[in-house]
Amino acid sequence: MESLSAPASICKPITQAISFCWIPLIPGTFYAFITTTYIINAKIGFNVPWTPAYIAGGVLAAAYLFFAISYGKKRAAKVLK
């Protein structure tokens with residue numbers, strides 16, 4: 001019965017949707033870290049050793065997180081206007 005109410009729980013007012021953004025943002029940041037680290041390390045990619053690849057992956061994942069949050073805040077401010 002809970003699965004029938006799941007779409008209704010997603011459709012909340014914009015003020016409550018701000019807390020909802022963390023649900024897709026956490027796995028998105030994780031996958032950004034994983035894919036950028038792999039591409040930087042892979043032979044077909046940049047062929048960088050693992051330690052610098054992890055550092056670069058962390059920096060790029062943090063940049064993804066920052067830009068996603070800042071874009072979301074700007075868009076929420078525009079929608080609430």
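Predicted model: local features only at pLDDT ≥ 70, side-chain atom pairs only at ≥ 80, totals over all residues.
Residues are numbered from 1 along each chain as its sequence is written, and side-chain values use heavy atoms, with hydrogens and water left out.

**Architecture and confidence**

- The protein has 4 helices and 0 strands, in the order α-α-α-α from the N terminus; helices (H or I, at least four residues) and strands (E, at least two) are DSSP runs, numbered from the N terminus.
- The mean pLDDT, the predictor's confidence in each residue from 0 to 100, is 82 for the protein, and 77% of the residues score at least 70.
- Of the contacts between residues at least 6 apart in sequence, 42% join residues at least 24 apart.

**Packing of α3 and α4**

- The axes of α3 and α4 come within 8 Å and cross at roughly 145°; axes are lines fitted to C-alpha atoms, for helices over the stretch in contact, with angles from 0 to 180 degrees between N-to-C directions.
- The crossing of α3 past α4 is right-handed; a crossing is left-handed if the near helix is turned anticlockwise from the far one by less than a right angle, and right-handed if clockwise.
- Residues making the contact include Trp22, Leu25, Gly28 and Ala32 of α3, together with Trp50, Ala53, Gly57 and Leu60 of α4.
- Leu60 lies in helix α4 and touches Thr36 and Ile40, not counting residues up to four places away in sequence.
- Leu60 and Ala32 are 28 residues apart in sequence, while their C-alpha atoms are 7.6 Å apart in space.

**Burial**

- Buried residues (under 20% relative accessible area; exposed is over 50% and partly exposed in between, with a 1.4 Å probe and protein chains only) make up 14% of the 81 residues.
- In α4 the buried residues are Ala53, Gly57, Ala61 and Ala76, and what covers them includes α3 (22–41).
- Leu60 counts as partly exposed because its relative accessibility is 43%.

**Aromatic pairs**

- The structure holds 4 aromatic pairs; rings of Phe, Tyr and Trp (its six-membered ring) pair if their centres lie within 6.5 Å, with planes under 30 degrees apart counted as stacked, over 60 as edge-to-face and the rest as tilted.
- One of the pairs, Phe33 with Tyr54, is stacked, at 6.1 Å centre to centre and 20° between the planes.
- This pair links distant parts of the chain, with Phe33 in helix α3 and Tyr54 in helix α4, 21 residues apart.
- Phe33, at 23% relative accessibility, counts as partly exposed, and so does Tyr54, at 44%.
- The rings of Phe66 and Phe67 have centres 5.3 Å apart and planes at 65°, so this pair is edge-to-face.
- Phe66 counts as exposed at 54% relative accessibility, and Phe67 counts as exposed at 54%.
- Ring pairs join Phe33, Trp50 and Tyr54 into a cluster.

Technical notes: Contact = heavy atoms within 4.5 Å.
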